[in-house]
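Please open the model in a viewer and keep the selection panel at hand. The stops below are meant to be followed in order.

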Amino acid sequence: MAAAAGRKVAVAAVQFACTDVEAENVATAERLIREAHKKGAKIVLIQELFEGHYFCQAQRLDFFRRAKPYKGNPTIIRMQQLAKELEVVIPVSFFEEANNAHYNSVAIIDADGTDLGLYRKSHIPDGPGYQEKFYFNPGDTGFKAFKTKYATIGVGICWDQWFPECARAMALQGAEILFYPTAIGSEPQDGSLDSREHWKRVMQGHAGANLVPLVASNRIGRETVGTEHGKSTITFYGNSFIAGPTGEIVKLANDKDEEVLVAEFDLDEIKSTRHGWGIFRDRRPELYKVLLTLDGKK
């Protein structure tokens with residue numbers, strides 16, 4: 001008897017420079033999603049907070065006006081219409097206002113336009129140029145896996161990608177592919193710092209450790225924001241990529257150009273490999289209580 005055909009799914013990461021005009025960025029995202037669809041992609045990742053400049057370089061009260069509620073959000077509604085038209089899955093990053101709280105969030109839109117739910121960024125950075133704690137409450141959704149038409153997916157957001165617990169939690173819930181929308185680049189306080197290779201290697205490790213493909217989308221371009229101390233500038237280094245289930249990079253963008261990356265994976269074949277490798281069978285969660293401490297002591 002011939003072996004059954006595998007469940008093959010093509011995924012995409014888009015990469016572009018943002019203006020600070022929401023309508024322009026949403027139009028660019030739509031154009032690139034359409035291009036990814038023409039290349040066969042069924043799940044398309046847009047970069048983090050793509051509606052405008054990365055405003056977290058500054059602590060400014062007026063930037064809270066960029067936040068919008070989850071329900072009735074015009075960008076999410078537009079992406080729902082696009083997803084339904086193209087029959088693609090789209091995780092949509094946005095700045096969420098929830099009564100008196102604010103979150104860095106992603107809405108997961110299925111291929112029929114259905115909103116499958118929300119993930120709120122769990123790990124919030126606070127350093128020069130990346131002052132997110134001023135704007136965002138720590139996420140309260142917990143890590144999730146979303147069952148879409150084509151695959152069960154997990155989505156973390158930017159700083160989440162530095163924490164292996166996030167990737168493992170999503171994989172344990174059945175995530176077959178991990179997605180990380182991102183905004184990362186130079187360090188305003190020290191132009192000699194360049195984290196791009198470290199950034200890629202950490203996520204390659206998540207893919208390899210959980211035997212799942214991983215998709216990371218980052219912006220490009222130079223953005224200057226007025227702060228209380230003068231102007232702050234970040235040059236975003238792109239390098240969006242798609243990694244295979246052993247952590248190998250199969251598609252990689254550069255640090256300057258608009259890109260649409262597409263790669264296809266046989267999820268059934270990867271599932272068999274993952275089960276045979278034993279990484280979940282051989283876990284010892286009873287020994288991991290130390291992870292709940294700050295100092296490594298029981």
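Which residues of helix α5 (residues 267-277) are buried? Select Leu-267, Ile-270 and Arg-274 in this predicted model: these are the buried residues of α5. Viewed down the axis of α5, they fall within an arc of 60 degrees, so they line one face of the helix. Next, display β1 (8-15), β8 (177-181), α4 (196-210) and β14 (259-266), which are among the elements covering those buried residues. Turn to the face directed away from the buried side, where Glu-269, Ser-272, His-275 and Gly-276 are exposed.

Now inspect the two ends of α5. At its start, a side-chain oxygen of Asp-266 comes to within 3.2 Å of the backbone nitrogen of Asp-268. After the helix comes Gly-278, with a positive phi near 85 degrees.

Move on to the salt bridges, of which the structure holds 22. Select Lys-68 and Glu-22, whose side chains meet at 2.7 Å, N to O. This pair links distant parts of the chain: Lys-68 lies in the loop between β2 (43-45) and α2 (74-86), and Glu-22 in helix α1 (residues 22-38).

Finally, select Glu-96 and Arg-120, whose closest N and O atoms are 2.6 Å apart in a salt bridge. Glu-96 belongs to strand β3 and Arg-120 to strand β5, so the pair ties together parts 24 residues apart in sequence. Glu-96 is buried at 2% relative accessibility, and Arg-120 is buried at 13%.

Technical notes:
Residues numbered from 1 in each chain as written. Predicted model: local features only at pLDDT ≥ 70, side-chain atom pairs only at ≥ 80, totals over all residues. Heavy atoms only, no water. Buried < 20%, exposed > 50% of the residue type's maximum accessible area, 1.4 Å probe, protein only. Helix = DSSP H or I, 4+ residues; strand = E, 2+ residues; numbered from the N terminus. Arc of directions from axis to C-beta. Contact = heavy atoms within 4.5 Å. Polar contact = N/O pair within 3.5 Å; in protein donor to acceptor, adjacent residues only side chain to side chain. Salt bridge = Lys/Arg side-chain N within 4 Å of Asp/Glu carboxyl O.
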